[in-house]
Amino acid sequence: MQLFHFHTPDIKVTVDAYFENGNLVIEGYDIGKTVKEYWGDSDYEYTTTVKGGEVWKLYPLFNIPEDENLLLEALAKKFNNNTCFSDFRNFCDQNQVKYESFSWT
């Protein structure tokens with residue numbers, strides 16, 4: 001499910017949320033001139049993964065039953081702007097939900 005999308009001639013930003021093997025993945029991809037000026041490469045990828053054993057902690061925080069589709073919908077409603085990736089990680093930190101993050105250019 002797409003959380004955020006932004007496109008100008010200088011940059012394209014996409015942040016998606018999905019489940020893979022029971023894990024929740026929040027994945028972002030930035031590409032374009034602005035990215036190259038900042039990072040020295042034209043694309044920047046970043047991901048946060050909440051392992052299946054931690055995902056269950058998210059359902060009561062959104063007051064929803066344990067259903068992956070409902071969780072994706074809830075995430076899309078709450079985290080849908082240009083800071084959604086870091087906002088999600090802050091939300092996890094505040095609620096003691098463990099995750100792993102990785103980024104690369």
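User: Is Glu20 buried, partly exposed or exposed, and what is its relative accessibility?
Analyst: In this predicted model, Glu20 counts as partly exposed, because its relative accessibility is 44%.

User: Which strand does Glu20 lie in?
Analyst: Glu20 belongs to strand β2. That strand covers residues 12-20.

User: And how far is Glu20 from Trp39?
Analyst: Their C-alpha atoms are separated by 28 Å, and the two residues are 19 residues apart along the chain.

User: Back to β2, then. Which strand is joined to β2 by 9 bridges, and do the two run parallel or antiparallel?
Analyst: Strand β3, residues 23-31, is joined to β2 by 9 bridges, and the two run antiparallel. Within this pairing, Ala17 has Ile26 of β3 as its bridge partner.

User: How many residues sit between the strands in that hairpin of β2 and β3?
Analyst: There are 2 residues between the strands, and Asn21 in this hairpin takes a positive phi near 55°.

User: What about the pairing of β3 with β4?
Analyst: Strand β4, residues 43-50, runs antiparallel to β3, and 8 bridges join them. Asp30 has Tyr44 of β4 as its bridge partner, while Ile31 is partnered by Asp43.

User: Which strand does β4 pair with over 5 bridges?
Analyst: That is strand β5, residues 100-104, which pairs with β4 in the antiparallel sense. In this pairing, Thr47 stands opposite Phe102 of β5.

User: Why is β4 described as largely enclosed?
Analyst: Strand β4 is largely enclosed by the rest of the structure because 7 of its 8 residues are buried.

User: Since Phe102 came up, is that residue buried or exposed?
Analyst: Phe102 is exposed, because its relative accessible area is 52% and the cut-off for exposed is over 50%.

User: Let us turn to the aromatics. How many aromatic pairs are there?
Analyst: The count comes to 7 aromatic pairs. One of them is formed by Phe79 and Phe91, whose ring centres are 5.5 Å apart. Their planes stand at 70°, so this pair is edge-to-face.

User: Where do Phe79 and Phe91 lie?
Analyst: Phe79 is in the loop between α4 (68-78) and α5 (84-94), whereas Phe91 is in helix α5. The pair therefore ties together parts that are 12 residues apart in sequence.

User: Are those two buried or exposed?
Analyst: Phe79 is buried, with a relative accessible area of 5%. Phe91 also counts as buried, at 11% relative accessibility.

User: And how are the rings of Phe102 and Trp104 arranged?
Analyst: The ring centres of Phe102 and Trp104 are 4.8 Å apart, and their planes meet at 40°, so the pair is tilted. Trp104 counts as partly exposed, at 32% relative accessibility.

User: Which residues form one aromatic cluster?
Analyst: The cluster is made up of Phe62, Phe79, Phe88 and Phe91.

User: Last topic, pockets. What is the volume of the largest pocket?
Analyst: The volume of the largest pocket is about 200 Å³.

User: How many residues line the largest pocket, and which lie nearest its centre?
Analyst: The lining consists of 14 residues, and those nearest the centre are Val13, Asp30, Tyr46, Asn82 and Phe85.

User: Which elements contribute two or more residues to the lining?
Analyst: Those elements are β1 (2-7), β2, β4 and α5. Helix α5 gives the most, with 3 residues.

User: What does the lining look like by class?
Analyst: The lining of the largest pocket has 9 nonpolar, 4 polar and 1 charged residues.

Notes
Residues are numbered from 1 along each chain as its sequence is written. This is a predicted model: local features need pLDDT of at least 70, side-chain atom pairs count only at pLDDT 80 or more; totals for chains, interfaces and linings use all residues. Side-chain values use heavy atoms; hydrogens and water are left out. Rings of Phe, Tyr and Trp (its six-membered ring) pair if their centres lie within 6.5 Å; planes under 30 degrees apart count as stacked, over 60 as edge-to-face and the rest as tilted. Helices (H or I, at least four residues) and strands (E, at least two) are DSSP runs, numbered from the N terminus. Buried means under 20% relative accessible area, exposed over 50%, partly exposed in between (1.4 Å probe, protein chains only). Two strands pair if DSSP finds at least two bridges between them. On a 1 Å grid over the protein atoms alone, a cavity is a set of points where a 1.4 Å probe fits but cannot get out, and a pocket is an open set with protein on both sides within 12 Å along at least five of seven lines; lining residues have an atom within 4 Å of a point. Grid points are joined across faces, edges and corners, and a volume is the space filled by probe spheres set on the points. Ala, Val, Leu, Ile, Met, Phe, Trp, Tyr, Cys and Pro count as nonpolar, Asp, Glu, Lys and Arg as charged, and the others, Gly among them, as polar.
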